[in-house]
Amino acid sequence: MGLFDHFSTDIGIDLGTCNTLIYVNGNIVVNEPSVVAVEKGTKRVVAVGAAAKKMLYKTPGDIIAIRPLKDGVIADIDATEKMIRYFISKVMPRRRLINSMRMNIGIPSCITEVERRAVQEAAVKAGAKEVQVIEESLAAAIGARIPIHEPAGHMVCDIGGGTTEVSVISLGGMVVTSAIKVGGDEFDESIIRHIRTVHNVIIGQSMAEKLKIEIGNACADEKIETMFVSGRDAVTGLPRKIEVDSVEVREALKDPVNQIVEEIKRTLSRTPPELCADIGERGIVMTGGGSLLKGLTTLIRKETNVSAIQVENPLECVARGAGLAFELYKDIENDRTLYNTLNN
């Protein structure tokens, strides 16, 4: 039986700064870079997603490749709408596109009401009949299968491309939450700045991302790894290759990593003692692509005295949770209705 034989019209979306993920009917059906390539004059879409990312910083004069989201919020609403529409059309039969979709979109808790409305507007323009938004850490908790409706404290740290959100959840809601505009993008930018300052070499975002993934780390390791990096000499302007080791990359990442650790500490300090005790027993659940940085869970444990747990498929948690939230909150509402009926 094919995917669309039981195709649900309830869609969960993680509209991320780096990647957009879409969850439908139990599956992640889209996981592509949040990039759109358009013609300068006509604004005609040339490419979206993985194909558009290959064009970043490499396009001719008449084509622009852009990332329509910055720091977890929409920077270009028109490009965002086109991107959502394109991704939806890839996975949903055209006959079901018209007035049939309910979208639940993960958003950072730090965005303004204007930015929240921009997300909803982009989704409506892309064809959604109904649009709801859900805070990313709450969606991540649902996607990580945390029993959020229980009267117990659960802490989630979701590190995305543009933001990091730390929340304490109990009884289906967020008791304490905070978000900072530090994430995977800031990791890359810190590496770029370090390589230029120390080596006088200018590297691109993709090379910095490769360094982060392959030898990046947040905590000292016994083994020192090395990697050759290609870039442009800042003085001569000529191509140049240098060797970089994992100690250097850790030093480059120190500032943004410390900001995240401090935000976790601040959130713990604002948490009611009873819930804090629960977190001490259960640990901090780590989600989002940025949580995959090597040694990060070890560093968090050292700094907070609370274990940090890396979930399976952390990149998918927000999209999966946004999709599952439709049924979850429907079940919770049904339980409340039944309880009220029995006690009246």
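Asn305 sits in the loop between helix H9 (296-304) and strand E18 (308-310). Helices here are DSSP runs of H or I with at least four residues, strands are runs of E with at least two, and both are numbered from the N terminus. Keep in mind that this is a predicted model, where local features need pLDDT of at least 70 and side-chain atom pairs count only at pLDDT 80 or more, while totals for chains, interfaces and linings use all residues. Residues are numbered from 1 along each chain as its sequence is written, and side-chain values use heavy atoms, with hydrogens and water left out.

**Positive phi angles**

- Most residues other than glycine have a negative phi.
- Is Asn305 buried or exposed? Its relative accessibility is 72%, so Asn305 counts as exposed; the cut-offs are under 20% relative accessible area for buried, over 50% for exposed and in between for partly exposed, using a 1.4 Å probe and protein chains only.
- Asn200 is not a glycine either, yet it has a positive phi of about 60°.
- You'll find Asn200 in the loop between H5 and E14, and it is partly exposed, at 33% relative accessible area.

**A covered helix**

- Helix H4 (residues 136-143) is mostly covered, with eight of its eight residues buried.
- The buried residues of H4 are Glu136, Ser137, Leu138, Ala139, Ala140, Ala141, Ile142 and Gly143.

**Helix H5 and its partners**

- Helix H5 (residues 184-199) crosses helix H7 (residues 246-269) at roughly 140°, and their axes come within 9 Å. Axes are lines fitted to C-alpha atoms, for helices over the stretch in contact, and angles run from 0 to 180 degrees between N-to-C directions.
- That angle makes H5 oblique to H7. The scheme is: under 35 degrees is roughly parallel, over 145 roughly antiparallel, 65 to 115 roughly perpendicular, and the rest oblique.
- On the H5 side, the residues touching H7 are Glu186, Phe187, Ser190, Ile191, His194, Val198 and His199. H7 answers with Glu248, Val249, Ala252, Leu253, Pro256, Val257 and Ile260. Contact means heavy atoms within 4.5 Å.
- By class, that contact has nine nonpolar, three polar and two charged residues. Nonpolar covers Ala, Val, Leu, Ile, Met, Phe, Trp, Tyr, Cys and Pro, charged covers Asp, Glu, Lys and Arg, and the others, Gly among them, are polar.
- H5 also packs against helix H6 (residues 205-215), at an angle of about 100° and with the axes 9 Å apart. That makes H5 roughly perpendicular to H6.
- The contact of H5 with H6 has six nonpolar, two polar and four charged residues.

**A three-stranded sheet**

- In what order do the three strands of the open sheet come? The order is E14-E15-E16, and the pairing is antiparallel. Two strands pair if DSSP finds at least two bridges between them.
- Strands E14 (201-202) and E16 (239-245) stand at the edges with a single partner strand each, so one side of each has no neighbour in the sheet.
- Two bridges join E14 to strand E15 (residues 226-233), and Ile202 stands opposite Arg232 in E15.
- Gly231 is found in strand E15. Leaving aside neighbours within four places in sequence, Gly231 is in contact with Val201, Ile202, Ile203, Leu238, Pro239 and Arg240.
- Gly231 and Asn200 are 31 residues apart in sequence and 9.8 Å apart in space, C-alpha to C-alpha.
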